[in-house]
Amino acid sequence: MIMKGEVKQLLRLLQNTQRMAVINGKPMPQVQSCIITCGPTEANTVSIVRDGITSVSAMICDIEWKGETGDTALIVPDIAKLISALKTHSGVVTLNQTKDRLKILSAGKQTTLAANKEALAFPHTTLTVSEWRDKSQDMYDKVQYDGYTMKDGTIREYFLRVTVPEALLKDAIQSANINGQKVARYGFTMSNGNLGLTVGKDLYGEVHTTLATDQDSAPFDMMCEGGFENLNLGSTLELKFLDFREEGAGIHLVIEGPYGCLYQRCV
């Protein structure tokens, strides 16, 4: 696979895929490796987070050109290493995947990284990067525009869809990073038609932000994790909620924007 794209576009794709989140008090990537699949004008990744259950995402970015070779994808065994390498380049770069190497080329500069498709997706799994990507795609295929595909093939429709500015969602989360707090969990609540987000602990500073008003929805509470504040999906996001309370699985959330889509279970 050979493709050309702007560094800033590729960095956004990789950082969205990686999705740094606070885990046990420390910032950690939710996804460590990925495969970049390219079409004529777009590149995309599909990734389940490290626990293999709670979240899956599909991220996209624009590219300028894709060459036709025997390879069909770019292998990224370590997203952090590729991000670091890309930051030493600027403008438009060419990514060239060979059997076990990924080369980054820009004007007067070339960086080579090991990129074997047999590399493990995470240190704790026996699945390769390719196998993890296939597992991720199977999970993501259940996320539809109108809802979620159940085991019997029926669609569980979203019971609430709300459009919010991405800046508002990020500010709602980051506003509780005070007095040494590192926000890891977010509580979405619906009360009296108002959708709100609560973060932080009252001992250090609990912050509740109203995201939307006058919504036609019954009350609900949903607690989740996921590094949402580190996403860059576009200036406007659609929050779509699924109700699995009858199955004992609580409320699930889909966040969708121009640069990708994220499916998140509650905790």
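These legends go with close-up views of a predicted model. Local features need pLDDT of at least 70 and side-chain atom pairs count only at pLDDT 80 or more, while totals for chains, interfaces and linings use all residues. Residues are numbered from 1 along each chain as its sequence is written, and side-chain values use heavy atoms, with hydrogens and water left out.

**View A. Phe241 in the largest nonpolar core.** This core has 62 residues, and Phe188, Phe228 and Phe241 have the most contacts inside it. A nonpolar core here is a set of buried Ala, Val, Leu, Ile, Met, Phe, Trp, Tyr and Cys residues joined through side-chain atoms within 4.5 Å; buried means under 20% relative accessible area, exposed over 50%, partly exposed in between (1.4 Å probe, protein chains only). Skipping neighbours within four places in sequence, Phe241 is in contact (heavy atoms within 4.5 Å) with residues including Tyr158, Phe188, Met222 and Leu253. Apart from this core lies another, of 17 residues, with Ile48, Ala58, Trp132 and Tyr158 among them.

**View B. Helices α1 and α2.** The axes of α1 (residues 7-18) and α2 (residues 79-86) come within 10 Å and cross at roughly 160 degrees. That makes α1 roughly antiparallel to α2 (angles over 145 degrees count as such). Among the residues making the contact are Leu10, Leu14 and Gln18 of α1, plus Ile79, Leu82 and Leu86 of α2.

**View C. Ile155 in strand β13.** The strand covers residues 155-157, and Ile155 is partly exposed, at 41% relative accessible area. Leaving out residues up to four places away in sequence, Ile155 touches Gln144, Asp146, Gly147, Tyr148 and Thr149. Val143 sits 12 residues from Ile155 along the chain, and their C-alpha atoms are separated by 9.4 Å.

Note on methods:
Axes are lines fitted to C-alpha atoms, for helices over the stretch in contact, and angles run from 0 to 180 degrees between N-to-C directions. Helices (H or I, at least four residues) and strands (E, at least two) are DSSP runs, numbered from the N terminus. Angles under 35 degrees count as roughly parallel, over 145 as roughly antiparallel, 65 to 115 as roughly perpendicular and the rest as oblique.
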